[in-house]
Amino acid sequence: MTEAAVNIEPEFEEVSLSEGSQRQRSSSDSIACRICQSATEKSRLISPCLCKGSLRYVHRDCLEHWLSRSGLTHCELCLHRFQTYTTLRYGCMESLCVWYRHPGNRGLLVSDALIYAVLSFICFILTMICILVLRFQSTHRNTLQETLASTAVVCFLLLVLIVYLTNLFVLAKDHIIPWYRWWRASRRIRLSEITLEESSGSSLVV
């Protein structure tokens with residue numbers, strides 16, 4: 001029994017040493033991204049700034065997402081400025097969907113649509129009344145009094161149309177201008193190829 005035990009112990013030691021070397025090798029090959037803190041192969045990480053040690057490694061997507069959210073174009077630790085360019089975060093139709101997905105903007109759209117429907121109905125009724133009055137007056141003799149009345153009806157009809165179009169313009173402006181400003185301001189910051197080449201070169205040196 002003792003001989004068997006003696007013969008088994010060296011084999012166990014060899015296995016444990018080989019497993020330890022494999023773990024050490026795998027731990028040296030995988031490094032954690034400083035933003036998402038997930039262990040990743042070193043070849044999939046970049047080091048675009050002047051930070052040293054494990055803080056220098058980061059995913060490109062994680063860094064671009066952080067730069068887009070923070071609005072910065074430099075590292076918050078070493079203050080190294082990245083070579084970046086900006087692109088629109090959303091397309092035109094996609095931005096409209098995202099904008100009106102917000103409860104506040106969607107509620108404002110519904111309320112303004114109801115106001116627009118009421119104004120359209122009132123404008124239609126007044127227009128029909130003015131047309132009927134003008135048609136009725138056209139069947140009678142063209143006296144001065146009837147001519148003045150027809151002119152007043154036409155002026156009133158023009159006033160109704162001007163008020164209607166003005167309200168329509170104001171309602172549209174209250175929606176278009178805030179959305180357009182938000183859409184143009186919602187930009188995604190991208191790392192330029194110069195920064196990526198510098199980061200790959202620095203990682204090769206290390």
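## Leu 119

Leu 119 counts as partly exposed because its relative accessibility is 27%; buried means under 20% relative accessible area, exposed over 50%, and partly exposed in between, with a 1.4 Å probe and protein chains only. This is a predicted model, in which local features need pLDDT of at least 70 and side-chain atom pairs count only at pLDDT 80 or more, while totals for chains, interfaces and linings use all residues. Residues are numbered from 1 along each chain as its sequence is written, and side-chain values use heavy atoms, with hydrogens and water left out.

Leu 119 lies in helix H4; helices (H or I, at least four residues) and strands (E, at least two) are DSSP runs numbered from the N terminus. Apart from residues up to four places away in sequence, Leu 119 touches Tyr 164 and Asn 167, where contact means heavy atoms within 4.5 Å. Leu 119 and Tyr 164 are 45 residues apart along the chain, and their C-alpha atoms are separated by 6.9 Å.

## Helices H4 and H5

H4 (residues 103–138) packs with H5 (residues 144–185) at an angle of about 165°, the axes being 10 Å apart. Axes are lines fitted to C-alpha atoms, for helices over the stretch in contact, and angles run from 0 to 180 degrees between N-to-C directions. H4 and H5 are therefore roughly antiparallel (under 35 degrees counts as roughly parallel, over 145 as roughly antiparallel, 65 to 115 as roughly perpendicular, the rest as oblique).

The contact of H4 with H5 has 20 nonpolar, six polar and two charged residues. Here Ala, Val, Leu, Ile, Met, Phe, Trp, Tyr, Cys and Pro count as nonpolar, Asp, Glu, Lys and Arg as charged, and the others, Gly among them, as polar.

## Helices H3 and H5

H3 (residues 92–101) and H5 pack at about 110°, with axes 10 Å apart, and are therefore roughly perpendicular to each other. Residues making the contact include Trp 99 and Tyr 100 of H3 and Trp 179, Trp 182 and Trp 183 of H5. By class, nine residues in this contact are nonpolar, two are polar and none is charged.

## Nonpolar core

The largest nonpolar core has 15 residues, of which Val 58, Leu 63, Leu 67, Phe 82 and Leu 191 touch the most other members. Such a core is a set of buried Ala, Val, Leu, Ile, Met, Phe, Trp, Tyr and Cys residues joined through side-chain atoms within 4.5 Å. Helix H2 (60–70) and strand S4 (187–191) each supply at least two residues of this core, and H2 gives the largest share, three residues.

Leaving aside neighbours within four places in sequence, Val 58 is in contact with Cys 33, Ile 35, Leu 45, Ile 46, Pro 48 and Leu 63.
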